[in-house]
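Please open the structure in your viewer and keep the selection tool at hand.

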Amino acid sequence: MSRPTQATIDLQALRDNFTLAQSLATDSQTMPMVKANAYGHGMVEVAQALADLAPAFGVACIEEALELRDAGICQPILLLEGTFSADEVNTAALKGLWLMVENHLQKEAVLNADIAQPVNVWLGVDTGMHRLGFPPEEVAEVFQSLSDSRNVNDQIVIASHFACAEDLDNDFTAVQLATFGNTISGFDSVKTSLANSASILGRPDTHRDWNRPGYMIYGASPFDHAQENGDKLKPVMTLSSAVISVRNIEAGEKVGYSGKWCAERPTTIATIGIGYGDGYPRTAPKGTPVLVNGIECPLVGSVSMDMITVDVTDLKTVAIGDSVELWGKQLPVNRVAEYCATLGYELLTRMPLRVPRIYK
Ligand SMILES: *Cc1c(COP(=O)(O)O)cnc(C)c1O
C-alpha cells in the first residue's frame with residue numbers, strides 16, 4: 001500500500017488536444033508549450049508523448065531546453081524569454097535552440113557571439129501587453145541588424161503575445177493585431193507567430209505561421225464560458241486521492257484548524273489524504289466541490305498540509321479507501337480554480353513533485 005494521492009496523466013488526451021490545435025489551424029505550424037514542467041504535467045514525458053507530432057517545443061529558459069535535449073528530444077526548442085546571459089547564445093547554437101530576442105541586450109548578445117553555426121531567431125514585438133518585446137518603431141532596424149548578421153539564420157520569425165486573448169469580446173486583441181500588421185507591413189515574406197490557446201480556439205484571424213498552444217493541450221479551456229472548440233478539450237491531469245477517515249459529528253461541533261467550520265446539522269465528515277502540500281489550494285473555501293465516489297460533496301474546514309475534510313452526509317455510504325477526485329476528468333480544474341479566485345493554469349502548474357505522476 002502507498003498513499004493514494006496521485007496525478008494521473010492521460011497522454012492520449014494530450015495527443016488528442018494537440019491534434020485539435022493542429023486541425024484548427026492547418027496552415028500553421030503548432031508548437032506546444034512545455035515550460036514550467038509542462039504546466040505541472042511532467043515536461044519530459046509530455047514532450048516524448050508529442051515527439052512524433054510536434055515540429056518544435058516552447059520553454060521558458062535554457063535549463064528547461066537542456067533537460068529536453070538530455071532526454072533525447074531532437075526538435076528545435078524555442079526559449080520564449082530568450083537568453084538571460086550572453087553565454088547562453090553559444091549553448092543555443094550548439095544545441096539547436098531557437099532564441100526569442102526581446103530587447104537590445106539580447107540582440108547584442110546574438111550579434112556579438114562567437115559561434116560556428118548560426119542560430120534561429122524570433123523577434124518579439126510589444127504590441128501592447130508591455131511586458132517584453134521591442135516597441136513597433138524599432139522593429140525594422142532590429143530586424144535588419146539581425147538579418148545582416150552571419151550569426152542568425154535566414155528565416156527570422158516576428159512574434160507577439162496577446163494580453164486579453166481569453167476574453168474574445170475584448171477589443172484589445174484587434175488593437176494588438178492591427179499594431180502587429182502595421183509593424184510588419186514593410187517586410188516581404190516574413191514568418192510570424194501570435195496565437196496562444198485562446199486565440200487558436202477562438203480567433204482564426206490570429207493564426208500565423210507558428211501557433212503556440214499551452215493550456216489547451218493539457219485539456220483545460222482558457223475561457224470561463226462554454227466555447228465550441230474549448231468544449232472539445234479532454235482533461236489530461238486527474239488529481240485523485242482517497243478517503244482516509246470517516247466520522248459522525250453533532251450539530252455545533254467544529255472541524256479542522258481554527259475551528260473555522262461549524263456543523264449546522266449532524267454531519268458525516270470524510271477526511272481525504274490530500275492537502276496544500278500536494279498542490280491542493282489552501283485558499284479553497286467551504287463549498288469547493290470534491291468528488292467522493294463520483295458525487296460532488298462540499299469541502300468544509302480549512303485545508304491542511306496533507307488532508308482536507310469534506311461533508312459527505314448526503315452520500316449513502318462512505319468508507320475508508322473510497323475514491324476521490326479533486327479535479328480532472330469529471331471535475332474541470334477551472335471550476336475549482338474559480339472557487340479559489342485563481343486560474344486552472346496556476347493549480348496545474350504549481351503541482352508539487354511530491355505528487356506522483358502516473359502516465360497512461
Ligand atoms: C506560455 C506562452 C504561451 C501559451 O499560452 P497558453 O495560454 O497557455 O496557450 C504562448 N506564447 C507565449 C509567449 C507564452 O509564454
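**First stop: K35 and its contacts**

Select K35 and display the residues around it. Apart from its neighbours within four places in sequence, K35 is in contact with G58, V59, A60, E64 and L80. Please bear in mind throughout that this is a predicted model.

Next, colour helix α2, which covers residues 35–40 and contains K35. Is K35 buried, partly exposed or exposed? Its relative accessible area is 28%. Because buried means under 20% and exposed means over 50%, K35 is classed as partly exposed.

K35 and C61 are 26 residues apart along the chain, and their C-alpha atoms are separated by 8.0 Å.

**Second stop: the ligand**

Remain at K35 and show the ligand. A polar side-chain atom of K35 lies 2.6 Å from an oxygen atom of the ligand. Select R212 next: one of its polar side-chain atoms is 2.8 Å from a nitrogen atom of the ligand. Then select G214, where a polar backbone atom lies 2.9 Å from an oxygen atom of the ligand. How much of the ligand's accessible area does the protein cover? On its own, the ligand has 390 Å² of accessible area, and the protein covers 87% of this.

To view the surroundings of the ligand, select M33, K35, Y39, L80, H161, N196, S197, R212, P213, G214, Y215 and Y345. Sorted by class, this shell comprises six nonpolar, four polar and two charged residues. L80, one of the residues around the ligand, was also among the contacts of K35.

Which strands are joined to it?

- The bridge partner of S240 in β17 is E325.

Finally, display the side chains along a strand. In a regular strand, the side chains alternate between the two faces of the sheet.

Definitions and conventions
Residues numbered from 1 in each chain as written. Predicted model: local features only at pLDDT ≥ 70, side-chain atom pairs only at ≥ 80, totals over all residues. Heavy atoms only, no water. Near = heavy atom within 4 Å. Polar contact = N/O pair within 3.5 Å; in protein donor to acceptor, adjacent residues only side chain to side chain. Areas by Shrake-Rupley, 256 points an atom, 1.4 Å probe, with all protein chains shown as cover. Nonpolar A, V, L, I, M, F, W, Y, C, P; charged D, E, K, R; others polar. Pairing = 2+ DSSP bridges. Helix = DSSP H or I, 4+ residues; strand = E, 2+ residues; numbered from the N terminus. Buried < 20%, exposed > 50% of the residue type's maximum accessible area, 1.4 Å probe, protein only. Contact = heavy atoms within 4.5 Å.
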